[in-house]
Amino acid sequence: MVASGAIGAEGRSGDILLRGVRVAAPPQPQYPAGADADVWLTLLNEGRQPDTLTGVSSPDADTVIIRTDDNCDGTATTVSSLSLPAADTLPGPVHSDNPSTTRPFESYSLRLVNLTRDVPAGTTVSLTFQFQRAPAVTLEVPVRPRQDQAEPGHLCDSPAAAPRS
C-alpha cells in the first residue's frame, strides 16, 4: 500500500509502516545532478516479530545510505542496517552497528548520494526500501518546497528535544 500524506509519502510493507517520507528542501530551487540530499522518514514495526531495514535504493541517486544520530547532536553516522523491534518491545529501532536507546523515529535519516539528475523542489524521487522480513516497497517521495525557516527533520530537531536551561 502506498499513499501521499500531508508531510510526505506513506506506505506499508507487511507489518512495517513508512510515514512522512520526504526529501529535505533544496537550498536552491533544485538539487543539481551530483548533489546529495537528505531524506526524513518514520518507520514503525506493528508486528510481533522484529524486522530490519537492510537497504534503500533509488534510480535517482548512485547510493542511498542509512544514517543515525544516536546522541541527537547533529552528527550522523552511516550504518549498514536499521533494526525495527516488534511493536511490544522497547527501546525503539536501533541500528545494527551500535545499539542505542532511542525511541522510534527519533534519530535516523537517509542520504541520497550523487543524484543522477537535477531534482527540483516540488517533484519526487523514487525510493525502494528493502527489509529482512517484509517485502520490498517503492515510494514516490516528494521533494519539499523551499522555506525561509528550517523544518525539523526528526525529533532531535524539535523544540521539545532542546536542552532546557
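**View 1. Salt bridge between Arg117 and Asp60 in the predicted model.** In this predicted model, Arg117 and Asp60 form a salt bridge whose closest N and O atoms are 2.9 Å apart. A salt bridge is taken as a side-chain nitrogen of Lys or Arg within 4 Å of a carboxyl oxygen of Asp or Glu. Arg117 sits in the loop between E11 and strand E12 (119–120), and Asp60 in the loop between E6 and E7; the pair links distant parts of the chain, 57 residues apart. Strands (E) are DSSP runs of at least two residues, and helices (H or I) are runs of at least four, numbered from the N terminus. Asp60 is buried at 10% relative accessibility, whereas Arg117 is partly exposed, with a relative accessible area of 29%. Buried means under 20% relative accessible area, exposed means over 50%, and partly exposed lies in between (1.4 Å probe, protein chains only). By the salt-bridge rule the count comes to five.

Residues are numbered from 1 along each chain as its sequence is written, and side-chain values use heavy atoms, with hydrogens and water left out. Because this is a predicted model, local features need pLDDT of at least 70 and side-chain atom pairs count only at pLDDT 80 or more, while totals for chains, interfaces and linings use all residues.

**View 2. Network of Asp38, Arg67 and Arg111.** Salt bridges link Asp38, Arg67 and Arg111 in a network. Between Arg67 and Asp38 the closest N and O atoms are 3.3 Å apart. This pair links distant parts of the chain, with Arg67 in strand E7 and Asp38 in strand E5, 29 residues apart. Arg111 meets Asp38 at 2.9 Å, N to O. Arg111 lies in strand E11 and Asp38 in strand E5, so this pair ties together parts that are 73 residues apart in sequence. Asp38 is buried at a relative accessible area of 18%, and Arg67 is buried at 11%. Arg111, at 25% relative accessibility, counts as partly exposed.

View 3. Not counting residues up to four places away in sequence, Phe129 touches residues including Leu18, Val21, Leu41, Leu53, Leu110 and Leu139. Contact means heavy atoms within 4.5 Å.

**View 4. Surroundings of Thr52.** Thr52 lies in strand E6 and is buried, with a relative accessible area of 14%. Leaving aside neighbours within four places in sequence, Thr52 is in contact with Ser81, Leu82, Ser83, Leu84, Gln130, Phe131 and Gln132.

View 5. The chain averages a pLDDT (the predictor's confidence in each residue, from 0 to 100) of 81, and 74% of the residues score at least 70. Confidence is lowest in strand E10 (residues 94–95), at a mean of 43, and highest in strand E13 (residues 124–131), at 98. Over residues 90–106 pLDDT stays under 50, and the model has 49 contacts beyond four places in sequence for them. Over residues 158–165 pLDDT also stays under 50, with three such contacts. Where pLDDT is low, the predicted coordinates should not be read in detail.
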